[in-house]
Every structure is written in structure tokens, then in C-alpha cells.
There are 2 protein chains.
Amino acid sequence: MKTRTRPVAAHAGVVEIELIERLTRGFERSPYQLNRRHETDAELVRIPGTDLTLAITTDGVSEEIETGLYADPWLVGWMTVTVNASDLAAVGAAPLGLLVSETLPPTMTADEVRALQQGLAEACRAHGLPLLGGDTNAGSRLHMGATAVGLAPGGTSLTRVGCRPGDTLYASGPLGSGTAFALLQLTAKTDGDAIDTLCFQPVARLAEGQAIRTLASACMDTSDGAVTTLDELMRLNATGIRVDLAVEDYLDQAALQVARAAGIPAWMLLAGPHGEFELIFTIPPEHEVELEAVARSMNWRPLRLGSVVAAPGLELPLDGVSRTLDTTRIRNLYSESGGDLAAYRAGLDRSIDR
Amino acid sequence: MKTRTRPVAAHAGVVEIELIERLTRGFERSPYQLNRRHETDAELVRIPGTDLTLAITTDGVSEEIETGLYADPWLVGWMTVTVNASDLAAVGAAPLGLLVSETLPPTMTADEVRALQQGLAEACRAHGLPLLGGDTNAGSRLHMGATAVGLAPGGTSLTRVGCRPGDTLYASGPLGSGTAFALLQLTAKTDGDAIDTLCFQPVARLAEGQAIRTLASACMDTSDGAVTTLDELMRLNATGIRVDLAVEDYLDQAALQVARAAGIPAWMLLAGPHGEFELIFTIPPEHEVELEAVARSMNWRPLRLGSVVAAPGLELPLDGVSRTLDTTRIRNLYSESGGDLAAYRAGLDRSIDR
């Protein structure tokens, strides 16, 4: 475990994180837990008497169901698994299994329940996550949650903390499909072609996470969108980030089409709070060659976005001009807008320097 | 792990279990998982490369909230921890930690959220379960779930399967307080004195579960009420159970008072689907002496209820006369009654031989 200390008040101004800080006050910590809050995507617990680390994470998809973002029961099942698998990926753990907690309302049809279970089962298979057990309740609203467990060797852990200026910034794959999907779903522009081309069915980067476990200096998934991930890495490490790659070169091509059709600037696909479940990670100079070799051996092409820099803030080139994003503002914007997409869009417009 | 095979169709007729069977069809199993469905209160997974077993369980309290059974936010928090701790207790695991998944509605006041968190934190302390992490969502309804993890040495596991005719049947403590509490809550007989005397705030039997891990031939908690537990043990082991102790001698005294005040027969306190989170376990003759010694050393007085017998069915003495309960019927009765307590009561009356 890296011992770098998290800067005091690293999360000032981010409403969601401040809520978590308030809620978890007064709880005792485990002497075996390796991470502190916010430092990892999954909790890391040393298994006493062994050289192993247990990775464990719990995540639900209730907001996505309530807002109508996930309307298809199959997708609800698929995502219930994927959001948790992605947290294991971000700490470089090998999957051990999954527990699912379902609250099924009486209004669901048998076909819908079947589709939901099929989405769960297919995602479990796709991620190599056997179903260990779960809990089924009746309730007035559909509510899905899951817990994923995995294992990592002891010694070094992959966390969000540890990168330094000079490290290279990568994404495990193209970004933007999560926001593009949300845009299509929530604006009810049921452009069948666009949705088909987009085909939002993310698979967590479990193999990639394990491959970079000892190479990356920091890693986090993009479950809450790329801007949130970049903001969080900057806060936890007290650094800035400079992206060098042009936005068109690391955005998902189908997502770009959606953005164009909707008339929104491409960079906004990085900003939405619903991400694409890629990993964003940093590699110190001394591990660059090994990363390339490992990636080649698994036929994986991580995208080299830019670098970690000392000066705070997220800088990225848009139409060839270097711009700065107000990432704190962007993180709060969607919930502040109360679901008003026009207000959200206007807020995003104001979050970029002119 | 005991290798006794679960009888085919052991759960025929129990609606809730049939649902779970249907939902979990088509999922892959882990080669490391030691238990099959229904055989344990918590899932048991061998940790590869070690001599340890991971115990993991996930359980929510949504139905209890929706029905108004848990109306006090502090109790909601307390029970969210306890229901999961109790599953660890029933497999004899030492607690490692807890993850909590909360969906908080905007209608909750700050005081209510504080009370909820305090209930969580106090129960975590009472059970020696450090909070490892969790997930917080906003939603239209309060929904609480948690996952508890624990460890047990490899080799023997404590499961629901393994008892034989001739084993002695024990309860870890007095029964009936869960049903008595539900009766008071749901009939809105806000008899302050009765509720105060009852003081429903169960603590899971973690130390006791660990103490009997290598002594008991089977164990299960009474989270769904004593009759459900006894029925499940009989099904899984293809045995019957004969209780010898008079019902007044193993029921909680405050719970008995509640039953008397409500004019319901004492035995019905065993039947309700909301239990008291005790353990019911069986001890083979050759371990009786050691159980007594262990119990004495921890100042614990398990209640010797009766025996496992070969003839199927649950037999118990009521007013000195041996009676038989239709435990399958009782398990389905509450959900069949749709919350109509008079119908439920009438159904219970018909579930006993005359």
C-alpha cells in the first residue's frame, strides 16, 4: 500500500462526497483495511494470516432505474453486475464472486423478471463472476444492488493515490459512450439507429486492471464519467492533469455521432455523471515500456491521453486551443440541475474557460 | 464441509424458496463455493491458496420498512447490521467487516438520517463489525441493505445440513421476541409499557456461533422466525424434530406477556415470519459435554429444546399434550394473508392438529 497522505479537505465543494463524509462519521475502522474512504474503487482488506488482499465493493443502480436511464430490465441486470465488476477492475483484483440483492415490485411481469435475471446471468458470465448468493425482497419499487468480491496478492495495492507529475495518463478504451447513452435515453430521442450503433453494454476491464496492478501509480474507473474520475485523481494526489490528445481521438466514435446529432460539443461527453466503465490510470516513466509490452501481449490498446502535472486543474485541447474545465463545478452540476437538461447544458457551457 | 446430500425437492411448497430457485437458474457456480443454495445462512467460499473460508452474506430490510414494522430510523440502522451479523453467526464466522448500501429519500429529515446512522454505528460496534465501505443513493423510498464478511478456519464448516436423529436441539436464547415486537408494531397497540419491557434490539450470536462451530451438526438463525428455522432444518436433513420443553420455558418472558395481552396462544410467537435472531442448532451426543463446558466458560445458557428425530414433522407439547404443526403451511401463511392479521391468525389456528 502506498503511504502518500491524502491532502486535507481534498473533497471540499463536492456535495456527494461531503454527504458520505457526514454519514460515515462515528464508525470504527478495521485494522486490516488498507484504504481510507475515497482512495479506492473497492475496499481493500488484508486477510489476516495470509499474503492476500480481499477486494470488496457494493453498488446499486437505483437512481438509474428511477430516472429512467435504465429502462430495459435486461440492461438493469447487466449493469448491476458491471458497476461492481468495474470497481474490482480498478483495484486490480481477480474476481471471486458476486452477491445480488433484488427488490422486485409486484408490477413487474414474468417476462421482465426473466429478462432482468438473464442480464444478470450474462454479465456474470462475461465477467467471470460466479453468483455466490443474494437476497430477494418484495417491494413497491424495483431496486437492484450487488456486492462483488475479489482477491489480489498482498504487498502493493492499486489505488487512486500515488501518481506524480511526469506520470503518463491513460484510458483503457474510448470514452463518452456512457454520457451519449444517457443523452439518448433521457432526451427520449429514440433514434433507433443511433442507439443500435452505440450499443451500450459495457464490460468491466478486469483483465486490464490485473495487468496494470503493479505498473500503474493510480487507477480509477469512469463509472461516474471521465471528468469526475480526473477530478478525483487530481484531488487525491494534489496534482493537475494535462490532456494532450485531441478529444476526437479518444472518444467513442458512435458517441461522437450522438453528440453531433444532438448539437452538443464533443467534450461534454466527458462531463456527464454516467460513465462508460473504462479505467483511467497513470504510469510512471519507468513502467512505460512494460505497459506497452503487457498491453500488446493481451491485444489491448490503452489510449495515451496526456500527463499528470504539478499545476492544479484539468487542461485539455479543444479545436487546437488549450482550455481549462471547472471540474468541481461539473461534478455538482447534474444534481443541482434537478434533471433539467437545458439548465445542465447551460451550466456545462459556463464550466469551461473562454 | 459435510457432504450429506440435500434431498431432492426439499423445498417443494415453500413459495419464497421456489421463487429463489427460479431466479437463480442459469447462473454459474464458483468452484470455491462450499455450500449450495439454502444450505447456509451465509455463503462459504474457500479462499484459494489458504486454509481459510470466507463467509459473506447480503441482506436488506426493505420489506420491514415498507410494512411499517421498522418505523424508528435508529432501529432500521441497528437491524440493517444485525440481520447480516446473524448470518455470519450461524456459520460460525469471525466478523471481518460490513458494507452498507443506503438509498435515502429527500423526505427524510436530518434528525432521521442522524438516528439511522447512529443505529448503524452502534450496531457495528456491538457486533465488532467495522464499516469497510458502502454505497449511498438518493431515491424516492428509504432502502437499506448491507453485506457482512467474516472468516472461518478451513476444514469443517457450520451449515444447516448435517444433523441426525438423536442429536439434541438447542436455541441460543429465549424465542418469540421478534414476533411479539411485530405484533405490537403492526397492531399499533402502542402500549408503551409492553414495548419498553420487550425492548427489541437483538444482538447477533457471533461469539456463540464461533464457539459451536466444530461442535454443532447443524445451525441456522431464527431471522424468519423459529418455525421457519425448524422447518428448514427438517427439510434439509430429511428429519423430524421433537420439542420436549414446555413453550413457557423457552419463550422470552416479555414476549409471553405481549401474547397474553393480545389473547394469542404462546406457541404463535414461534410462528411469525419476523424472528429474534437467535441460533437454533443441533449437537451430536458425543459433543454434549464439550458444549456444556464451552457454554459455561462464556457464561452462556443455551436452551435445550428437544431432539432431532427420524419421523418427519414438528412435534411439540402444548398444555402437556403433544401436538404437530404444519410448518410448510405456516411458512406461506403470512404472505398469503396479504398483511390481514385476522386472516393470518385464523390460518395459524388451522395449522395445528386438533
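User: In this predicted model, why are α11(B) and α12(B) called roughly antiparallel to each other?

Analyst: Helix α11 (residues 327-336) of chain B and helix α12 (residues 341-349) of chain B pack at an angle of about 175°. Angles over 145 degrees count as roughly antiparallel, so α11(B) and α12(B) are given that name. Their axes lie 9 Å apart.

User: Which residues of α11(B) and α12(B) meet?

Analyst: From α11(B) come R329(B), I330(B), L333(B) and Y334(B), and they meet L341(B), Y344(B), G347(B) and L348(B) of α12(B). Sorted by class, this contact has six nonpolar, one polar and one charged residues. Gly counts as polar and Arg as charged.

User: How do you know whether N84(B) is buried or exposed?

Analyst: N84(B), which lies in helix α3 (residues 73-90) of chain B, has a relative accessibility of 0%. Buried means under 20%, so N84(B) counts as buried.

User: What does the side chain of N84(B) reach, and what makes that a polar contact?

Analyst: The side chain of N84(B) reaches the backbone nitrogen of D59(B) at 3.0 Å. A polar contact needs a pair of N or O atoms within 3.5 Å, one able to donate a hydrogen and the other to accept it. Beyond its neighbours within four places in sequence, N84(B) is in contact with several residues, among them T57(B), T58(B), L98(B) and A146(B).

User: Why is C124(A) called buried?

Analyst: The relative accessible area of C124(A) is 4%. The cut-off is under 20%, so C124(A) is buried. C124(A) sits in helix α4 (residues 110-127) of chain A.

User: What does C124(A) touch, not counting residues up to four places away in sequence?

Analyst: C124(A) touches V81(A), L98(A) and L129(A), and also F27(B). For contact, heavy atoms must be within 4.5 Å.

User: What makes helix α5 of chain B mostly covered?

Analyst: Helix α5 (residues 177-186) of chain B has 10 residues, and seven of them are buried. These are S177(B), G178(B), T179(B), A180(B), F181(B), A182(B) and L184(B).

User: How do you know what relation chain A has to chain B?

Analyst: Chain A is superposed on chain B by a rotation of 180° with 0.0 Å of shift along its axis, and the RMSD is 0.0 Å. That is the relation of a two-fold axis. The same surface serves both copies, as 100% of the contact residues of chain A recur in chain B.

Definitions and conventions. Residues numbered from 1 in each chain as written. Chains lettered and ligands numbered in written order. Predicted model: local features only at pLDDT ≥ 70, side-chain atom pairs only at ≥ 80, totals over all residues. Heavy atoms only, no water. Least-squares fit on C-alpha atoms with pLDDT ≥ 70 in both. Helix = DSSP H or I, 4+ residues; strand = E, 2+ residues; numbered from the N terminus. Buried < 20%, exposed > 50% of the residue type's maximum accessible area, 1.4 Å probe, protein only. Axes fitted to C-alpha atoms, helices over the stretch in contact; angles between N-to-C directions. Parallel < 35°, antiparallel > 145°, perpendicular 65-115°, else oblique.
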